[in-house]
Amino acid sequence: MRGLIVNKAHFHQIRGGVLNVTGVNFTDTSKEAMATCLRESMRTADCPVCGWRGHVEDLDGSWRVTCPQGCSHEDGRPVGLRPLLHVPYDPDLYAELNVERFELGKTGKLLFSHPEGTNDDRFWATALAVYSITEKRANKPIAIG
Ligand SMILES: [Zn+2]
């Protein structure tokens with residue numbers, strides 16, 4: 001078992017009391033990997049009946065809410081897609097998940113920022129949590145909150 005993955009800045013504070021802690025440096029590379037993982041988990045859903053898995057938006061930009069394979073319940077209702085990442089309704093968390101900005105840096109890496117006066121701590125906490133659990137359990141839905 002891989003254990004807990006934390007921001008390396010907090011690694012030494014936590015390490016004394018928890019087993020299997022892995023520190024992660026927040027570099028441009030690791031932040032890009034974590035943010036990409038978060039984005040992919042937020043736009044991916046699967047069908048609980050046939051196992052189809054894909055992005056919730058299709059190529060023309062419309063949103064899928066039911067199985068594209070046509071799965072239906074016994075009463076004929078279409079089967080709804082199950083989001084890979086379930087985010088509970090928390091207005092502050094939603095705001096922080098939407099505040100993060102990125103641009104392509106000269107190094108070819110994505111550079112992340114957030115407007116002055118806003119916070120992105122929970123964005124990165126969520127990204128780190130999703131990244132660490134996705135690494136361990138690639139095929140399971142993820143819930144945060
Ligand atoms: Zn299906």
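Of the 145 residues of the chain, 14% count as buried, a residue being buried if 20 or more other C-beta atoms lie within 10 Å of its own, exposed if 12 or fewer, and partly exposed in between, with C-beta atoms placed from the backbone. The model described here is predicted: local features need pLDDT of at least 70, side-chain atom pairs count only at pLDDT 80 or more, and totals for chains, interfaces and linings use all residues. Residues are numbered from 1 along each chain as its sequence is written. The mean pLDDT, the predictor's confidence in each residue on a scale from 0 to 100, is 84 for the chain, and 78% of the residues reach 70 or more.

The chain holds four helices and nine strands, taken as DSSP runs (H or I of at least four residues for helices, E of at least two for strands) and numbered from the N terminus. Along the sequence these elements follow the pattern β-α-β-α-β-β-β-β-α-β-β-α-β.

We turn next to the core. The largest nonpolar core has 14 residues, where such a core is a set of buried Ala, Val, Leu, Ile, Met, Phe, Trp, Tyr and Cys residues joined through C-beta atoms within 7 Å. Met34, Ala127, Leu128, Val130 and Tyr131 have the most contacts inside this core. Helices α2 (28-42) and α4 (121-136) each supply at least two of its residues, and α4 gives the most, with six. Beyond its neighbours within four places in sequence, Tyr131 is in contact with Ala33, Met34 and Cys37.

Helix α2 itself has 15 residues and reaches 21 Å from its first C-alpha to its last. This is close to the expected 21 Å, the expected span being 1.5 Å times one less than the number of residues. Lys31, Met34, Leu38 and Ser41 are the buried residues of α2. They lie on the same side of the helix because they cover an arc of only 100 degrees around the axis, the arc being that of the directions from the helix axis to the C-beta atoms.

Now for the strands, which pair if DSSP finds at least two bridges between them. An open sheet of three strands has the order β4-β3-β5, with antiparallel pairing. Its edge strands, β4 (53-55) and β5 (82-83), each pair on one side only. Two bridges join β3 (residues 44-46) to β5 in the antiparallel sense, and Asp46 has Arg82 in β5 as its bridge partner. Elsewhere, β7 (residues 101-104) and β8 (residues 110-113) run antiparallel and are joined by four bridges, with Leu104 opposite Leu110 in β8. The hairpin of β7 and β8 has five residues between the strands, and Gly108 takes a positive phi near 90 degrees there.

Two further residues illustrate approaches across the sequence. Val87, in the loop between β6 (85-86) and α3 (91-99), counts as partly exposed because 16 C-beta neighbours lie inside 10 Å. Val87 and Met42 are 45 residues apart in sequence, yet 8.7 Å apart in space from C-alpha to C-alpha. Asp121 belongs to helix α4 and is exposed, with 10 other C-beta atoms within 10 Å. Between Asp121 and Glu96, which are 25 residues apart in sequence, the C-alpha to C-alpha distance is 7.8 Å.

Methods
Two residues are in contact if their C-beta atoms, placed from the backbone, lie within 7 Å.
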